[in-house]
Amino acid sequence: MSGLRVFCGQLVTDGQLYRDVALVIERGRVVAWESFDKSQVRHIEPPDVDARAYTVLPGMIDIHIHGGGGRDLMEGTVETVQAVSRHLARYGVTGFLVTPLTAPWEAIRATVRAAQEVRRYGAEGAQVLGCHLEGPFINPVRAGAQPPEFIRTASIEELERELGSLMEEVRIVTLAPEIEGGYELTRYLANQGIIVSIGHTDARYEEVTRAIDLGARHATHCFNAMRPFQHREPGTVGAVLAHPELKAELIWDNIHTHPASARLLIQAKGVEGVLCISDGTTGVGMPEGYRFELWGHAAVVQGGAARLVENGSLAGSTIAMDTCLRHCEQTFGLMVASMLCCANPARALGLEGHKGTLRPGADADFFLWNHERQQVEGTWIAGCRQESAQLPQIEQESEITPRITH
Ligand SMILES: [Zn+2]
């Protein structure tokens, strides 16, 4: 059989570990697996890939990200989307949802339009798989770093009017179901096949169960910017933990969420019920002290996170998905990590069998994981090596800070 071969010392896909497998790749797809004998294979010449010293994993899918490498997706240009797309490939990310935050409609439209253009005509790095609207239909009480001045009450009519045909790009909408018009919008979006993710919400337990009945299926950055758990009123968090219908996003940077809470979430919901996200901002890959703006609000990279200057509130992360993978590997092992970072997000987007897996028939999107150095050594998309595979120097991760407000 002709085609490119990737000789994997270890291959982790769909929560399973395989040793000494060669992936056979043709026209950007995995077409077969072959076994090989490590001792007999001596020289591997390009274009074949010698990954005998690494673990090969399916490319990670980030369903919640705002920017990186000094660029903000809210700049709303094709050039920005491409810059972030190239940036993400460095970290083993091969697909992502462009995530506009709560902002004037004009700005949200520009970002969705730019994402649409890149999705249609091709990304220069990680592929654009659609958009995730984080707001503007959220609860001001749980705004976190979302600019409060642009928060709206939920309205089907307004959403349709403002986005029109651009709605076809939208895969996920983060909303607070308990706000005025929230339940109607939940039902409407779910009926259209758009994932309703409850987030930036002050919903009580019963309000969440009502939203689930109407079709809500995800929870945005679980624990952050949602009504916490209390034993007499389990809140949004309690409802997320208790209901298997809801898949939970998790920013596993050990800052937004204490490692014990991350562990508890996975124990409560099972490996299939949690999806890692980066919630990465402009500050990803940028040095400590780097300043940027979130819709007119100054933010700074501080202690390994992005924080609003005005009140210290967490304003998204400075990590990429490789950090989530690392933390998950350290707690549960790489097989579980591959579910949370690769398979589950792909499945959520209906891309099962194509993305988030390396079984025959899948897109040849993968990366090499250096277990010893705990880092990505190279990323391939549709069988092509991405040029910016080298990781930039990033600051040491900080200890967990007790000052968590988002
Ligand atoms: Zn976000």
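How are H3 and H4 oriented to each other: parallel, antiparallel, perpendicular or oblique? They are oblique to each other, since their axes cross at roughly 50°. Keep in mind that this is a predicted model.

**Where two helices meet**
- Helix H3 covers residues 156-163 and helix H4 covers residues 182-191, and their axes come within 9 Å.
- On the H3 side, the contact is made by Ile156, Leu159 and Glu160, while H4 brings in Glu184, Leu185, Tyr188 and Leu189.
- Sorted by class, that contact has five nonpolar and two charged residues, with no polar ones.

**A strand with neighbours**
- Strand E9 (residues 127-134) is largely enclosed by the rest of the structure, because seven of its eight residues are buried.
- Strand E8 (residues 93-98) pairs with E9 in the parallel sense over three bridges, and Val98 has Cys131 as its bridge partner in E9.
- Strand E10 (residues 170-175) also pairs with E9 in the parallel sense, over four bridges; here Glu134 stands opposite Thr174.

**A serine tucked away**
- Look for Ser317 in strand E18, which spans residues 314-317.
- Ser317 counts as buried because its relative accessibility is 0%.
- A polar atom of the Ser317 side chain lies 2.6 Å from the backbone oxygen of Ser278.
- The Ser317 side chain also reaches the backbone nitrogen of Ile319, at 3.1 Å.
- Leaving aside residues up to four places away in sequence, Ser317 touches several others, including Ile251, Asp253, His256 and Val284.

Terms used:
Residues are numbered from 1 along each chain as its sequence is written. This is a predicted model: local features need pLDDT of at least 70, side-chain atom pairs count only at pLDDT 80 or more; totals for chains, interfaces and linings use all residues. Side-chain values use heavy atoms; hydrogens and water are left out. Axes are lines fitted to C-alpha atoms, for helices over the stretch in contact, and angles run from 0 to 180 degrees between N-to-C directions. Angles under 35 degrees count as roughly parallel, over 145 as roughly antiparallel, 65 to 115 as roughly perpendicular and the rest as oblique. Contact means heavy atoms within 4.5 Å. Ala, Val, Leu, Ile, Met, Phe, Trp, Tyr, Cys and Pro count as nonpolar, Asp, Glu, Lys and Arg as charged, and the others, Gly among them, as polar. Buried means under 20% relative accessible area, exposed over 50%, partly exposed in between (1.4 Å probe, protein chains only). A polar contact is a pair of N or O atoms within 3.5 Å; within protein, one must be able to donate a hydrogen and the other to accept it, and residues adjacent in sequence count only if both atoms are side-chain atoms. Two strands pair if DSSP finds at least two bridges between them.
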